[in-house]
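These notebook entries record what I looked up in one structure. I worked from individual residues towards the chain as a whole.

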Amino acid sequence: MKYLPYKLPSVFTVEKLVTVHYFELSKNFHYPPEAHDFWEFHYVDKGSAISISDGERILLNHGDILFHKPMSQHQILTDGAVAPNVCVVSFYCKPKEMPFLEKRRLHLNAEERGVIKKFLTEAGAAFHLSHSDPSAHGLTLRENSPEGAAQMMKIHLEELLLLLLRGFSAPRLKPTAFSISESFDDPLVAEMIGFMQQNITKSLTISDFCRQFSYGKTHLCTRFSSVTGKTINTYFTGMKISAAKRLIREQNQSRELFSRISELLGFSSPSYFYSTFKRYTNMTPSEYFRSVHQYDFEEK
């Protein structure tokens, strides 16, 4: 019997990846316009940003994505009020023309956001990604990067394009409160994280969680770590550091800033905040401030 194999066609083929950035931008970020012969998309994970395409200003809120076709002049900037997190990815793709994506703002649904999260996870494992330097025009491979990470990135990027094509003629989901940031299905863990968010300025102990949720220490700690992969204290401290980074990006000067942030977020002392920040980010607060404000415009 003769077998008749079916050749799998490709609607989109991502040929080369040029850059991958996950920027934590300051509120006054400004970078000059550019144009190149490959595709680029801007995806806002937190906050909002302005994406300009051939002179047209398009506001992107969290969960929104905008594609820039080859040779279109484009840039991204912030509005002086919000310090957003923005994912910028550029790539060569066949076919070169994708009319359904040109200058069209889309809001990603949960499945599409999940694909971007998987793409960024592979990218972070394979390459050294910049959080604040848009002048990086290439990718630097990590030593001992996971086997097949580049192929996984290609698969996820092509998957995103296919999902967007399928949903082009269908109604898009309305914005939700979630982005590619973490969210968990376990209701107790979700409530615990909400409790952390409501008390981000306080120094919570495990006893505080036990009183709030009427469970013993062992049950809460075990359940939280099994769902999140982190201890309660580690997760809460990480949340505080994320809040500190946002506050640093929203300020224009660093004098006494770190002491104020340390006090605001309930750290026991500025020195403890300083050491904790460096442990979580591999940068001091001052180094982080300089990195995110290097492309600021002057406030009038």
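This is a predicted model: local features need pLDDT of at least 70, side-chain atom pairs count only at pLDDT 80 or more; totals for chains, interfaces and linings use all residues.

**Entry 1: Asn144.** I located Asn144 in the loop between strand E10 (140–141) and helix H2 (149–166). Phi of Asn144 is near 60°, a positive value in a residue other than glycine. I then looked up its accessibility: at 79% relative accessibility, Asn144 counts as exposed, because the cut-off for that class is over 50%.

**Entry 2: Asp54.** I noted that Asp54 is not a glycine and yet has a positive phi, of about 50°. Asp54 belongs to the loop between E3 and strand E4 (56–61). Is Asp54 buried, partly exposed or exposed? I found 43% relative accessibility for Asp54, so it counts as partly exposed.

**Entry 3: Pro95.** I checked the peptide bond that joins Lys94 and Pro95 and found it cis, with omega at about -5°. Pro95 is part of the loop between E7 and E8.

**Entry 4: the five-strand sheet.** I traced an open sheet of five strands in the order E1-E7-E2-E5-E8, with antiparallel pairing. Strand E1 (13–24) and strand E8 (106–107) are its edge strands, each pairing on one side only.

I then followed strand E2 (residues 39–46). Seven bridges join E2 to strand E7 (residues 85–94), and the two run antiparallel. Four bridges join E2 to strand E5 (residues 64–68), again in an antiparallel arrangement. Which residues does Tyr43 face in these strands? In E7, Tyr43 stands opposite Cys87; in E5, the bridge partner of Tyr43 is Ile65. For Val44, I recorded Val86 as the bridge partner in E7.

How many of the eight residues of E2 are buried? I counted seven as buried, so E2 is largely enclosed by the rest of the structure.

**Entry 5: Ser90.** I placed Ser90 in strand E7. At 1% relative accessibility, Ser90 counts as buried, because that class takes in values under 20%. Leaving aside residues up to four places away in sequence, Ser90 touches Leu17, Val18, Thr19, Phe38, Trp39 and Glu40. I also looked up Met71, which lies 19 residues from Ser90 along the chain; their C-alpha atoms are separated by 12 Å.

**Entry 6: strands E3 and E6.** Strand E3 (residues 48–53) is joined to E6 by four bridges, and the two run antiparallel.

**Entry 7: the chain as a whole.** I recorded nine helices and ten strands in the chain. The radius of gyration is 21 Å, close to the 19 Å that the globule rule gives for 300 residues, so the chain is as compact as a globular protein of that length. The C-alpha trace spans about 65 × 65 × 40 Å along its principal axes.

Buried residues make up 46% of the 300 residues. Of the contacts between residues at least 6 apart in sequence, 77% join residues at least 24 apart. The accessible surface of the chain is about 16,400 Å², and 53% of it belongs to carbon and sulfur atoms. Finally, I looked up the 35 positive and 32 negative charges, whose mean positions are 3 Å apart.

Notes
Residues are numbered from 1 along each chain as its sequence is written. Side-chain values use heavy atoms; hydrogens and water are left out. The radius of gyration is taken over C-alpha atoms; the globule rule is 2.2 Å times the number of residues to the power 0.38. Buried means under 20% relative accessible area, exposed over 50%, partly exposed in between (1.4 Å probe, protein chains only). Contact means heavy atoms within 4.5 Å. Accessible areas come from the Shrake-Rupley method with a 1.4 Å probe; for residues, only the protein chains shown count as cover. Lys and Arg count as positive and Asp and Glu as negative; His and the chain ends are not counted. The place of a charge is taken as NZ of Lys, CZ of Arg, CG of Asp or CD of Glu. Two strands pair if DSSP finds at least two bridges between them.
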